[in-house]
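Morning, everyone. Let me put the model on the screen, and then we will go through the interface and a few local points.

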Amino acid sequence: MVEAGRSPNIEILTNSDLLSIKGKPGSFKAKIVQRPRYIIAEDCTACGLCTTYCPRHQEDEYNENLNITRPIHIDYPQAVPATYYIDPRSCLSLTHDTCQICVPVCQSKAIDFSQKPEEKTLEVGAVIMSPGFGRISEETLAKYSYGKHADVVTSIEFERLLNPSGPFAGEVRCLSDNRHPHKIAFIQCVGSRDIGCGNGYCSSVCCMYAIKEAMVAKEHDPEAEITVYYMDIRTQGKDFDAAQKRALDKGIKFVRAKVADVMPWGDHLRLTYSTLDGNHSFKPYDMVVLSVGLESPPDAQKLADMGGFKLNKYDFCATDTFTPLATSKDGILVAGAFNGPMDIPESVTQSSGAAGIASGLIKKQRGKSLIHKTYPDEKKMGDEVRIGVFVCHCGINIGSVVDVPDVSTYAGDMEGVVYYTESMYSCSQDAQEVLKDKIKEHDLNRVVIAACSPRTHEPLFQETLKDAGLNRSLFEMVNIRDQCSWVHATEPDAATDKSKDLVRMAVAKARHIQPLPEQTVPVNKTGIVVGGGIAGMTAALNLADQGFNCSLIEKQDSLGGNYKKLVHTKKLIDQVKKHKLVSVYTNSGLQQTSGFVGNFSSIISSGKGTKAKEVTLDHGVIIIATGANEHRPETVLGNTIKYSKNIVTQSELAEQLEGKGKSRAPKSVVMIQCAGSRGDDLNYCSKTCCTTAVENALTIKKINPDSQVIMLYRDIRTYGYAEDLYQEAREKGVLFIPYEMDNKPSIAEKGSKLTVSFFDPILQDDITMNPQMVALSVGMVPEETDTLSKLLKVPVTADKFFMEAHVKLRPVELPVDGVYVCGLAHSPKPVNEIIAQAQAASAKAAMPLVKGYVTVDPIVSNVDKETCIGCKLCTSLCPYQAIRMVKDENNRPKAETIVASCKACGICASHCPTFAISMGGFTNQQINSQIEAFGRDIKEKETETA
Amino acid sequence: MAKAKKSREGTVMVLGGGIAGVQAALDLTDLGYYVYLVEKSPAIGGVMAQLDKTFPTNDCSL
Ligand SMILES: Cc1cc2nc3c(=O)[nH]c(=O)nc-3n(C[C@H](O)[C@H](O)[C@H](O)COP(=O)(O)OP(=O)(O)OC[C@H]3O[C@@H](n4cnc5c(N)ncnc54)[C@H](O)[C@@H]3O)c2cc1C
Ligand code: SF4
Ligand code: SF4
């Protein structure tokens, strides 16, 4: 977010409402009105003095009205923009024309009551709609005594209670009497899967966030007794089942039950629930958390009318399975929760995809309005080392465990440190300004920040350094969150000591760091896509639509992958073949790839038999879309399976149902879910099989309403709108019966007679039946990810799907720059999600191609040719082929780094027998001084105790 | 007759500054476009800014 705040190419218009949109792709006119903040943004320093003087109280909406703030305030310290504002609904001056106490208080004279609403017309080429989601009505929540009893809270309120900047500064307390709740219940599906309140769909995210909230609450108070009441646990996302397992291990209880009501009961709450066996029970709780669903935003209809696009029956934006990011109006795209309930990884993916499509629509206008950021010249480095140390509280994330002021003053005493301070949130926008000011004020030439993870925040701080005229290498970051306050949460003294150790070591290293030049390398503006299924074809087309040449490499002799039969696939194949910028290679495979982002070179084997040949392609980026196959487990839930016309997979059943004649629908079928998935054989949930099974069940019922369809399941995961199908299937008489892993169904086959036995928790009895058919939801397995993983040096998960660089923030990028993933090779998912992800991958892949050059991380290895004896050890060891041998002027072999290929792993440097190789940013001198600094303290302690 | 005002080409409007809008805006700039990020509330970030930690990685949401 801070990044968006700093970008010169993003104009953030807050407090703004849309009035109208007119036009067509390439030329829209949008009218907006910007409501006044009553504060001059440029002048506000976010000091907060005004809030302390303002006499008027107001509920704090950011904290879900759980505490009080003043009309003049900022939502939270890291808010972007970091400017205060006045809420006109409660300000005494704006409502009663009195007060204005704040005006003289503000030292920067930033308060301006004369501001008026301002209308603006924006001329844009495309529009992306991302207004998110709305709230479940209080009427729906009232059934659970919400509003009647203060300790019935929504999950969003509970998030605030858990949060350090929340109403009790991160302590979970009952709102009724401030006690710590001991027994907490979560009720799932509140306002979701509930036709009564008009929301038939599943909100897809609440099971997962309830698990998260329960876990965090348990961290706050390990003694807390937490129970989650649910119908199905829908943790269908990548590696999400593992989260529930962790919760179970932590002692969080999960009860499959319907909650009838929640009633005040003395000081407590009484929760009444009914389990599958028909029993009603009740239990007392201190606090009840309602896992509220995601509803369409309140102004959805207004937005749709203005934009001229359609909504679906639940008032979310209407989209099509095959164009999941397009509204019904050309040039207006949609991303995030407004496109149906979804979590952050999915929202981020959709956003990238929508950006890519918009980019394709108006590619002729690309770059025309772009502002290029410039940095001040790097200042000259004097001989004097002037280090500044900044220690971050991270709210209470670090500060509640580590004694931050102590660490900061400790740093102040160290050699070379000329300035030290602590800060609440070092990553906030105003903290960046402070950092810049302090660099200038104290003429700092090295900066050490002790805060959270460099993985997420180093680039931000380095950017600030550049803004202040310092080379970005003159920076050391210490992670005292993960390594101190998190892992030593219960030992504050030890955590503080360790923080000091780490800071001392960083300062020792910082004394020796030197500016490193940033190099840029031009980019080959083409891409290759491996895998010609729906994902690969979508990605290739998209990249080509954005104006880039691209080669599509398919192993089989035709394109289409798993979905060859879909009409949409046939259309795609046609488009791919016709597109001038796409070259298709069938019967082909990637043999070898070398190089680095912007400059890859790959060898493709192409064609079969005598026509086989090898082709070398130079390219800038690579997208992996190699897909997955249907799993065919030989044992299912402990039963040996022989596939036949009676024991089939769901996809085989679907095929059979496509035929003709009533007899294609079995008269009786038992469907078994998670056959092979979720710990049976594969560890993960295959995400799509519940919906596929329900679709097949419905088709059977349509062909022959008298067919008996029984589905044995663990959790029915028809998330999102697919919940409608599940409801319909129940109405049509499909029987859904859950099974447990400690009492699995058994399948036996004698001749042509099938016998299935299982325990029915509704009847509380063992049932045996002889269905005509057993249909197995067998899940899917990734296709040969191992080979590509080795070839491209990209990691796979334990389940053999490609592992993205960051699940939430970089969901389609792989850890190797310039390599992207989409579709089933990433994880199981349905077609609409595959397409959105492919669109996202091609948008991300287009970025280096658009930029035209890549910047090389300056921490690469560097060979001192004088010391190098030309033994070639390093060239043989480098996993990235980033070192080559060259001849020096005396014709002696010397090693040389190909900087753009070097990943700075340091293997070469650690093996060089003559210490000829050093790593930028990790020289021997730097590392040695770091180690010495660590030892120094131990020595001191030893002498103390001796 | 007055000359028509020159339009700004290569710009995109993103409506709603939650995580989805912010990500779209950032990506658009990387793809070569200037973005107007229109947000009705006084700050960007949407619901994510209210969350404590976020699954699946449970790190801070900012
Ligand atoms: C209790 C709870 C916990 C959750 N926990 C997690 C989690 O741990 N991990 C996870 O991945 N997901 C989680 N989610 C889901 C997550 O919140 C959503 O995926 C995410 O917020 C969606 O982002 P968005 O940008 O689409 O919408 P929003 O966050 O709703 O943002 C929409 C933005 O648009 C603005 N806006 C709305 N209408 C207009 C308009 N007309 N004009 C201008 N601006 C407008 C809003 O003010 C807002 O800033 C959780 C959800 C809830 C309810
Ligand atoms: S089943 Fe769906 S609606 Fe119900 S709590 Fe889980 S994710 Fe939310
Ligand atoms: S059937 Fe498939 S989608 Fe449903 S729970 Fe099992 S693995 Fe997940």
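**The interface between chain A and chain B**

Across the interface of chain A and chain B, the rule finds three salt bridges. By that rule, a side-chain nitrogen of Lys or Arg lies within 4 Å of a carboxyl oxygen of Asp or Glu. One to look at is A:Glu219 with B:Lys53, at 3.7 Å, N to O.

Some ground rules. This is a predicted model: local features need pLDDT of at least 70, side-chain atom pairs count only at pLDDT 80 or more, and totals for chains, interfaces and linings use all residues. Residues are numbered from 1 along each chain as its sequence is written, chains are lettered from A and ligands numbered from 1 in the order in which they are written, and side-chain values use heavy atoms, with hydrogens and water left out.

Now, how many residues of each chain are in contact? 90 residues of chain A touch 54 residues of chain B, where contact means heavy atoms within 4.5 Å. The area buried between them is about 6300 Å², and carbon and sulfur atoms give 62% of that area. Buried area here is the accessible area, with a 1.4 Å probe, that two parts lose on being put together, summed over both.

Next, the strands. Strand 9 of chain A, residues 126-129, runs parallel to strand 1 of chain B, residues 11-15. Four bridges join them. Pairing takes at least two DSSP bridges. Strands are DSSP runs (E, at least two residues), and helices are too (H or I, at least four), numbered from the N terminus. Within this pairing, A:Val127 stands opposite B:Met13.

**Local points**

Two cis peptide bonds. A:Val80 to A:Pro81 has omega near -5°. A:Pro81 sits in the loop between strand 6 and strand 7 of chain A. B:Phe55 to B:Pro56 also has omega near -5°. B:Pro56 is in the loop between strand 3 and strand 4 of chain B.

A:Asn65 is near 60°, in the loop between strand 4 and strand 5 of chain A. A:Arg193 is at about 50°, in the loop between strand 11 and helix 7.

Which of these is buried, and which partly exposed? A:Arg193 counts as buried because its relative accessibility is 10%, while A:Asn65 is partly exposed at 37%. The cut-offs: buried is under 20% relative accessible area, exposed is over 50%, partly exposed is in between (1.4 Å probe, protein chains only).
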